[in-house]
Amino acid sequence: FGGDVTADGKGLLVGNPHFPWHGPSRFWEMHVTIPGKIDAAGAGIAGTPFPTLGFNRDIAWTHTVTAARHFTLYQLALDPTDPTSYLVDGKPEKMIAKTISVPLPDGKSVERTLYSTRFGSIVTMPQAMVNWTDKMAFAVRDANRGNQRAVGTWLKIARARNVGEIRDAVTTSLAIPWVNTIAADRHGDALHADVTAVPNISAEKVKACATPLSPAVARAAVLLDGSKSACAWDEVAGTAVPGLMPAKDQAIYQRRDYVANMNDSYWLSNPRVPHVPLSPILGAAQQQVSLRTRSGFIETDALIAGGKVDHQRVQAMAFANKSLAADLALKPLLALCAGKAEVAEACAALGKWDGRFENDSRGAWLFDRFWMKARNLPGIWAVPFDVKDPLHTPRDFVTTGDTAAKLIETLKAAAGEVAKAGVALDARWGDVQYAPRGNERIPVHGGDGQLGVLNVQMSDPAPGGVSPRHGSSYVQVVGFDAEGPVADTVTPTV
């Protein structure tokens with residue numbers, strides 16, 4: 001939030017990146033001070049020497065996973081006489097072979113020969129139709145290969161005095177590997193920079209260099225034609241590494257009202273000023289966004305409409321545990337299921353639900369199980385997505401015709417799933433979703449982002465319910481006063 005909408009005219013940041021709750025890839029909280037060099041608090045993955053998201057006296061910053069893609073696949077046409085040679089502009093080039101030896105605990109070793117090309121390393125992914133045959137092979141070029149610039153960039157961010165210095169750090173180095181950078185400062189400026197180490201591939205090149213297989217793998221990667229030298233990444237002067245997309249061609253917002261990202265593309269950072277479409281390698285533009293993204297913007301607009309923004313109101317929004325899916329579908333669903341004997345118990349349970357994922361919310365898991373099935377049913381929205389109204393479309397939950405019968409069957413299946421787990425249909429959410437710690441079951445509020453919940457918890461089955469594996473992690477609400485940062489933080493622990 002920028003100074004135009006905050007109570008004190010200073011910047012205010014709320015961050016809640018979603019990360020694992022188990023294993024080594026978790027955040028740990030720290031405060032690092034070297035007099036005259038750095039004084040910053042926040043969090044980083046275990047082993048990082050200073051915060052990679054957090055705050056200092058003048059700025060606060062956070063990150064979300066960007067929709068940009070940081071590598072490209074290349075489809076290679078092989079030399080008919082040699083499967084380790086590939087053709088570029090009709091001329092054969094020999095792959096570079098490198099044999100490595102990996103020692104094993106029993107004293108033996110395993111050798112493997114790896115192959116690389118001008119377009120990167122040869123890879124195979126049979127499940128994605130990426131195979132090495134006698135006619136074709138595939139190579140991957142990764143924009144983050146050899147990227148040793150990121151640590152220096154994060155150090156500059158941690159020492160920054162305003163969002164302009166953060167902007168300079170990320171745009172000059174092109175070192176941020178895979179996350180948006182969102183920041184606010186004491187001067188009242190707010191920044192969203194979706195600027196990372198990205199291949200410099202334009203929309204025109206993506207189209208011109210597509211192969212017949214490109215559409216089949218488009219959901220996972222950008223596939224280009226490696227038989228044409230013209231399909232290499234474009235190189236322009238001034239980038240930290242040749243072939244990276246310059247920052248001027250990526251998305252940057254600097255404003256004094258607000259910017260936000262909930263893991264959708266750069267296109268919407270503030271819905272009042274959608275970004276013009278950029279290269280598809282940066283993510284989709286002018287397409288339907290997630291319910292969580294819609295919820296984030298809707299709740300933010302409502303917050304600002306209710307008066308000047310401060311710590312307390314922002315924190316309440318972040319942990320309100322509201323579900324946009326419930327706002328859109330619960331009332332029509334209750335009207336549909338009323339009086340139907342086969343789902344009478346389930347309908348009664350949903351009638352007790354408050355539409356939130358609070359610990360005391362009854363019936364929340366039943367709706368969770370229903371929605372995860374129903375959201376993919378065709379024809380459930382009467383009003384389709386409208387690029388001119390991305391926050392409120394699609395909408396108008398359909399409960400008539402063939403869709404009605406499918407929804408009733410879906411609700412019946414959801415109730416069966418809950419009952420099979422030995423859980424009451426109207427169970428408290430905090431009794432269903434919990435973190436086991438020894439013999440204790442600690443209730444955990446929040447829900448899946450696909451339900452349009454901002455406080456995300458992605459859970460796995462556990463005895464008598466579910467337990468978070470990924471979700472809300474290092475949560476921070478940071479503003480500023482005359483003395484320095486004013487911060488509230490929380491981090492899940494083992």
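Predicted model: local features only at pLDDT ≥ 70, side-chain atom pairs only at ≥ 80, totals over all residues.

Residues are numbered from 1 along each chain as its sequence is written, and side-chain values use heavy atoms, with hydrogens and water left out.

**Overall form**
- The chain has eleven helices and 25 strands, which are DSSP runs (helices H or I, at least four residues; strands E, at least two) numbered from the N terminus.
- Along its principal axes, the C-alpha trace spans about 75 × 60 × 55 Å.
- Of the 494 residues, 50% count as buried, where buried means under 20% relative accessible area, exposed over 50%, and partly exposed in between (1.4 Å probe, protein chains only).

**Interior**
- The largest nonpolar core has 82 residues, and those with the most contacts inside it include Phe-1, Trp-61 and Ile-157; such a core is a set of buried Ala, Val, Leu, Ile, Met, Phe, Trp, Tyr and Cys residues joined through side-chain atoms within 4.5 Å.
- Apart from that core lies another, of 43 residues, among them Leu-330 and Trp-353.
- Among contacts (heavy atoms within 4.5 Å) between residues at least 6 apart in sequence, 62% join residues at least 24 apart.

**Surface**
- Val-102 lies in strand 10, which covers residues 96-103, and Val-102 counts as partly exposed because its relative accessibility is 42%.
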